[in-house]
Protein chains: 8
Amino acid sequence: MRDLLERVADGDLTPVQAEAELAGYVTDDAGRFDAARERRRGIPEAILADGKTPAQVAGLASVALETTGRALLTRVDDDHATALESALADDHPAATLERRGSTLVAHADGYERPTLEATVGVVTAGTVDGPVADETQVVLEEVGATVERIDDVGVAALDRILDQLERLRAVDVLVVVAGREGALPTVVAGLVDVPVIAVPVSSGYGHGGDGEAALLGMLQSCTVLSVVNVDAGFVAGAQAALIARAIDAAGQRNGD
Amino acid sequence: MRDLLERVADGDLTPVQAEAELAGYVTDDAGRFDAARERRRGIPEAILADGKTPAQVAGLASVALETTGRALLTRVDDDHATALESALADDHPAATLERRGSTLVAHADGYERPTLEATVGVVTAGTVDGPVADETQVVLEEVGATVERIDDVGVAALDRILDQLERLRAVDVLVVVAGREGALPTVVAGLVDVPVIAVPVSSGYGHGGDGEAALLGMLQSCTVLSVVNVDAGFVAGAQAALIARAIDAAGQRNGD
Amino acid sequence: MRDLLERVADGDLTPVQAEAELAGYVTDDAGRFDAARERRRGIPEAILADGKTPAQVAGLASVALETTGRALLTRVDDDHATALESALADDHPAATLERRGSTLVAHADGYERPTLEATVGVVTAGTVDGPVADETQVVLEEVGATVERIDDVGVAALDRILDQLERLRAVDVLVVVAGREGALPTVVAGLVDVPVIAVPVSSGYGHGGDGEAALLGMLQSCTVLSVVNVDAGFVAGAQAALIARAIDAAGQRNGD
Amino acid sequence: MRDLLERVADGDLTPVQAEAELAGYVTDDAGRFDAARERRRGIPEAILADGKTPAQVAGLASVALETTGRALLTRVDDDHATALESALADDHPAATLERRGSTLVAHADGYERPTLEATVGVVTAGTVDGPVADETQVVLEEVGATVERIDDVGVAALDRILDQLERLRAVDVLVVVAGREGALPTVVAGLVDVPVIAVPVSSGYGHGGDGEAALLGMLQSCTVLSVVNVDAGFVAGAQAALIARAIDAAGQRNGD
Amino acid sequence: MRDLLERVADGDLTPVQAEAELAGYVTDDAGRFDAARERRRGIPEAILADGKTPAQVAGLASVALETTGRALLTRVDDDHATALESALADDHPAATLERRGSTLVAHADGYERPTLEATVGVVTAGTVDGPVADETQVVLEEVGATVERIDDVGVAALDRILDQLERLRAVDVLVVVAGREGALPTVVAGLVDVPVIAVPVSSGYGHGGDGEAALLGMLQSCTVLSVVNVDAGFVAGAQAALIARAIDAAGQRNGD
Amino acid sequence: MRDLLERVADGDLTPVQAEAELAGYVTDDAGRFDAARERRRGIPEAILADGKTPAQVAGLASVALETTGRALLTRVDDDHATALESALADDHPAATLERRGSTLVAHADGYERPTLEATVGVVTAGTVDGPVADETQVVLEEVGATVERIDDVGVAALDRILDQLERLRAVDVLVVVAGREGALPTVVAGLVDVPVIAVPVSSGYGHGGDGEAALLGMLQSCTVLSVVNVDAGFVAGAQAALIARAIDAAGQRNGD
Amino acid sequence: MRDLLERVADGDLTPVQAEAELAGYVTDDAGRFDAARERRRGIPEAILADGKTPAQVAGLASVALETTGRALLTRVDDDHATALESALADDHPAATLERRGSTLVAHADGYERPTLEATVGVVTAGTVDGPVADETQVVLEEVGATVERIDDVGVAALDRILDQLERLRAVDVLVVVAGREGALPTVVAGLVDVPVIAVPVSSGYGHGGDGEAALLGMLQSCTVLSVVNVDAGFVAGAQAALIARAIDAAGQRNGD
Amino acid sequence: MRDLLERVADGDLTPVQAEAELAGYVTDDAGRFDAARERRRGIPEAILADGKTPAQVAGLASVALETTGRALLTRVDDDHATALESALADDHPAATLERRGSTLVAHADGYERPTLEATVGVVTAGTVDGPVADETQVVLEEVGATVERIDDVGVAALDRILDQLERLRAVDVLVVVAGREGALPTVVAGLVDVPVIAVPVSSGYGHGGDGEAALLGMLQSCTVLSVVNVDAGFVAGAQAALIARAIDAAGQRNGD
């Protein structure tokens, strides 16, 4: 404790970093960022931009960068992205910023991503499932897993799935993202022998079109699946990340 | 009209037959039987046994036999079947009686089934879908369509479906019956170019287990399906029968 | 295969057409268009404009025109239509473009629609059902079926239905489109002996006003109906098209 | 008040009748019977047998007979009926007892039913709607309205409704009882110019089969209806009785 | 028929009036207006403005004025009202126009409202129920019933209801409009002996806030009510109008 | 700790009591009983008999008696009660046993109930609400609150509520139990100035008849209520008990 | 009464105050304000700004200030606040105005808040729950309770809750506000022995994201909770205020 | 293939085993058993006894024993168990049979369970969750994972969870089983850094009591969870088994 305060006194540690170190999280006007979550849970804390103002989002991202070297944002719109870009230009000019659909990742200068010895397949049924799968992919890349992305293999044209059979069978874990009737995870799980996490998507129309048909279908699957909430690409990615970490740890345990 | 009454007077027509001829249906203590439905709608009137007493069911079946030469009963239990058997033994000793799961058909002596130049595939995902598919099959046989029954091709093991591809593609219409997540009609419809009617089944458990997951999934299908209510094997069969009749009629029209 | 590449080399085939020929579909920035769907399923691939940008819609329509000679778009708004018009003016100046409510069809110069020997009735209860029925009608016209459109025959004034009885009984298949309580398909199906496909519409207000009352009523119908999802005019049209194709095929089979 | 007590003392009034006169209702072990309801609300208090023991039902019926000269019971089963019969044999040997399906009415010796100058039509779609319509009919008869019962006019065979048009148009109020898709009240209301009260029935199966499809359809009706809860034959009858009373009163007002 | 055409030829009848006379309704670009509805059903045809363009609304109102001497519009916004005002200024300068909340009525010059010998109470629980009750009131005024409006008597302050007891008991029929928990119709129906029609309102928030709590509560009422859909002030008014007509007719019948 | 073991060794404490003292709860074959709950939460641990065998219930009741001097059981049927009676006869012959509907309380010989200086009103709308209110009353009596029970004051007859106004206003807290439309708590809360806890009851029929109408109505109340789940008489009693304890404590605090 | 009119005549009482005194509420163009509610129910009348125009809100606030010395507004947006500010500047220049999120309180010059001898804890799981908790806090402050606010103690990081254990156990009543899965009130109620009122918040996404998951979870809690509707911070505060008043009263009763 | 037939001819292989080897599954009168599922999916095929007759269950179990050396049955009742015991006594006298609640496992003589180098924690909130967790545990034991069972750690008494923290943190994967509000998986997932699979249980009562509250709460969890359907202990166990297999495989890969 004294040591920590001395490091602040010496300027080795900003007050913000010290607060995160001590309390596990930092609170400022934009809200609260849980800097210790990754250490505690093994998965990065994501900033959900939806429902926050651009200024709040930029503020939280700055705190994240400062305390963990990385900021991971989901469901950002153009205003959020613009606000973040200019905030970074001002406060963290050396940071890098990548956008994938509605997902954004910033890394502090010199940040090094961890690596995990595990491969996760991220599979979509159609174009509309892309943004949800992007959330999944980004969180997996941030924890260091290898991501194998397989798109556009909807069940209405089985040969596209069968064409990808080899790739589907080469990964350690699968996240399968599908809307409408949500049958893809069931069909995929019947073809492989690894855990499959199913993500229902709120595409579709009329009754069950808000993802309810897909969610119920995945819960009722006649194969073995576990499921996350509608459009919860981040949660699926984080759950796959925890499995990837367990696989990596087992490999290291026995590799010694 | 006078002619009809004279035929009654002559004993050529029973009063029951005359009533059916005149009013289109017969009313007795057991309820009302719509003898003219088949002529009017092209599909036989079925007697839904569920919720009726064995005596009521036997009574209605007798009326059906007397006025149309056939009785078609759905959702019969053992008590219904026993009551019907003894009623037939008494009143229609020459009638034949066939039971398929919870579906029963009796034919008067000398009854001749119509024939239709059309083949309907009736496909199930698993054993539990059998009784619903039986309803479908019976009504199709009664209108004279050729039925191609394909069982146990659930989507959890795709090779079983692919093994049946040739048979699936050889029919004019398909009725696909499936519970749980109800993905089979979607997968099948992606493989063929004939109309597919989907029937959700109330198997399963937990949320959506009363057939809701299957029904919503079929309504949301990313292929082209039309759907009937949960467990409505009879309705699907009748709808397929109407399509089969249209196909048969077109064949005859042009066959002349 | 070599032949195909040679045709590309000779300029007989554009690279886009070759891709569609080989893979069954074309992928560009606007998404994916399944050029082989019509061959595989017998019904044209429609481009759902709702949720896509005008540029994406115009892009996909261009691909469709180039590979299949036709582009069929549903749920287009004015911006989509304008974008498409100017894209066609630039890239396909000889193409024709027709708009019916929120449905658009473009044909390449010299495109010839197929013809099917079958008539489908498309029936609406009220003005509000028009746009949904238009989707149905357009897909039927594109596959070459004869369409008999009967509007404004809601059940609140039975004489309007009875006035149309002759027309209703002259077709091979019926698609009946109705919102609010959705009783029209039931009443119509009681008057004819051809298959009736029911389409619930999301008109109405208060409880069940999003099409739920109509959908449930159609699933519970005391006559024989098959049903599609709320506002699914395209799906109903495609299902009717498949039945029309089966009828046409039967006629040709026996006509030889 | 003194007068009332003197009448009890003189034996002109039983203590039970006095309690009912004073408090408006009588409480005994079987529960509470609201003897003043008819005076206050114009409709008889009904005893809902469902969920009560045979002894409780018989006890309440005795109180009703004693205080109002009549007992009206709904949803009785055979045990309730038997218990009531023997209770009446013991305590009210001169009372009369009528059963109509699951509805029972007992009248004290010499009881005279009121009469109302108004006719209410009670219409059903099918046999299964009978018991619900019986509740409606009994309460109407007890208030003295003329009841015109019209059965079995389901919308699947329109000519049966049209055959009854004259009778439908001859009444002052209509109660229309229907299950499954519940379209009959809508069709009837389009043919008449009197108030129509719609009663959904919990027949049917699968989704919406518990009366939900019928209820939603009636709430969404494209004609003018008011609606009661599923299977609420008694409530519909009581509401029609209040309208009949208002009609009767208007007639008397101006008849003077 | 000839007579009608001669009146057109003589200019006694516009072509629009002749069409309405012959077909019962008039169809123009703005849609269809059912001019014969009032004669057939006893209640005026209302034009639902919501979802129509100002021009369509103005067009339909002109047709209504021309054929029936009156236009009744519900759920109008300011744009609809402005469009209608200028249309009337142009085409029907002598017509009068009244707006009550979102309800509008126009009368042709010299139009005389019918009168009915019946009084209907229209009761609201709070200010938010006003616009729904206004629809009820306008339709009642148009058929000629006397309307007794009683506002702001929510159940949270019982004394306000009790203060109005005399007025509540002086009418022939009651329409009670309430949102949130919707208890007012139940409380009112316990205090009077006339028919009460309950209208749930979509005020409130959170679960059941879209009128579902009020609708379910009214369907479950422990008194006798009939119910219309959420916010269906027009339907409740029309149903009350039919009852008022029956009362008026009975009075006239016996008054002779 | 040593002290405790010595008391066991001396026979001052049974092993069961020691386990409860140490771990807070006792586990035997019948399940787990949380002896420390009352100390920790201020409300007695109740044994929910529904879903347990008579033997399990008797076993848990014995443990409860032994460790806390009292056993409180909810939703017991006759078999549970009989099993408990004979278990007590064998093991705790001096214990007393009281049954109130489906609620049972046993007290060890010499047990003294606590007393709280606070009065709670328990109000029901009708007879059917009695068993739920009994649960509430029993838990309140066990914590020592004074209970004022007011029955049969349903909103359909307002004068009964108004008759009880004085008693309603004399208590410190109110629990109001009502099924069907559940309006009673709203009406009562408008008449008093103490906290009202509302309990929906699963009486009723048709839509919303499982307590949903009452629950939604209470959540939407236009007065101030807090609510518990359907039929949760025990939870409401326990919540009222906690309020009564807070009132009692405040009295004692300031009474010193 | 005469006295009151004389005070108006003397100018001691404005006509508005007199109306409030006499009728309990004041009605002007902006609607109705219930000035007597606090006296009758012990909790201040709040003006729900949502759904009202800025002018209406300002008008009602002026009435409130004039008759009760205070105006309490919930769910105000910036336009409401601006309108109110300028209205106060004009009409009540000495009044003070405080805004907390979407809640506003104005006090007339010299207004003195009551005080209650009771402390209420207001606990939130995350930042998103703040505005709902603010409503709770404001109403509690207005009745004079001491508020202990504890923020950001979501169950995903138990140590934050455990860190606050002492503060949680020091209050008389708790209001716990939580969205998503809504587990916080259950966890808190297991740690304290005072009444806990749970408020579900409509944060979250996908299924159950509108507060339904939280509401159901709180109704199903395995500890003792009472619950209010989704986002009903004001109702929870008012209910806690009534409990605080009862505690305060008990203290004063015994303090004498 | 020839080899296989020769082994049948030689009696090394029964015809049943040969059928399983060839087709992957065996069909007899009792239904179909998928003998190849374990090889294909890595998880044993379970026989769901619920809904099958005792004879069917015994028949399928015999087939399972014969083809895979093991039979795993879920949701068995006493009749199923008795039938199976006598079937084994007759046909497989050397087989062993273990019952855990409603789960049964039989092993052929000499059967050796596989082993996996991975530990799975199976956690329950209360006694009522036991049978669901037993399904999970049995499937995990059958694939050879080490199971760490932790019972009775419901969130209402946090110290019991905290007492188990070390055990919770020592496993590779967690399955957490909870009913009512289903908060336990969320609390546990906040304390560990391994994947947590949540299983909602259909305990509870009133609204959300069929497991819906728990399911929604788990889908909405503010930590990272994946979820299976209500009561789906087998599915959760199978998913955990697939993760355990992946961990084991990684260990072996790197262990070489």
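**Figure 1. Interface of chain C and chain B in the predicted model**. Together, chain C and chain B bury about 3,200 Å², with carbon and sulfur atoms accounting for 52% of this area. Arg41(C), Leu219(C) and Val224(C) contribute 21% of the area that chain C buries against chain B, more than any other three residues. The contact involves 40 residues of chain C and 40 residues of chain B.

**Figure 2. Polar and charged pairs between chain C and chain B**. Four salt bridges are counted between chain C and chain B. In one salt bridge, Arg253(B) is paired with Asp172(C), and the closest N and O atoms are 3.5 Å apart. The interface of chain C and chain B also has 11 residue pairs in polar contact, both residues being at pLDDT 80 or more.

**Figure 3. Elements of chain C on the side that touches chain B**. Two or more residues come from each of helix H3 (37-41), strand S10 (196-200), helix H10 (212-219), strand S11 (226-227) and helix H11 (233-255) of chain C. H11(C) gives the most to this side, with 14 residues. Sorted by class, the side of chain C that touches chain B comprises 21 nonpolar, 11 polar and eight charged residues.

**Figure 4. Interface of chain A and chain G**. Chain A and chain G bury about 910 Å² between them, and 46% of this area is given by carbon and sulfur atoms.

**Figure 5. Arginine charges over tyrosine rings**. Arg75(C) places its charged end over the ring of Tyr205(A), at 5.4 Å from the ring centre. In another such arrangement, the charged end of Arg75(F) sits over the ring of Tyr205(H), 5.3 Å from its centre. Across all chains, a search of the whole structure returns zero aromatic pairs.

**Figure 6. Chain pairs without contact**. Chain A and chain F are not joined by any contact, and their closest C-alpha atoms are 20 Å apart. Chain C and chain F likewise have no contact, with their closest C-alpha atoms 13 Å apart.

Conventions: Residues are numbered from 1 along each chain as its sequence is written. Chains are lettered from A and ligands numbered from 1 in the order in which they are written. This is a predicted model: local features need pLDDT of at least 70, side-chain atom pairs count only at pLDDT 80 or more; totals for chains, interfaces and linings use all residues. Side-chain values use heavy atoms; hydrogens and water are left out. Rings of Phe, Tyr and Trp (its six-membered ring) pair if their centres lie within 6.5 Å; planes under 30 degrees apart count as stacked, over 60 as edge-to-face and the rest as tilted. A charge sits over a ring if NZ of Lys or CZ of Arg is within 6 Å of the ring centre and within 35 degrees of the ring normal. Buried area is the accessible area (1.4 Å probe) that two parts lose on being put together, summed over both. Contact means heavy atoms within 4.5 Å. A salt bridge is a side-chain nitrogen of Lys or Arg within 4 Å of a carboxyl oxygen of Asp or Glu. A polar contact is a pair of N or O atoms within 3.5 Å; within protein, one must be able to donate a hydrogen and the other to accept it, and residues adjacent in sequence count only if both atoms are side-chain atoms. Helices (H or I, at least four residues) and strands (E, at least two) are DSSP runs, numbered from the N terminus. Ala, Val, Leu, Ile, Met, Phe, Trp, Tyr, Cys and Pro count as nonpolar, Asp, Glu, Lys and Arg as charged, and the others, Gly among them, as polar.
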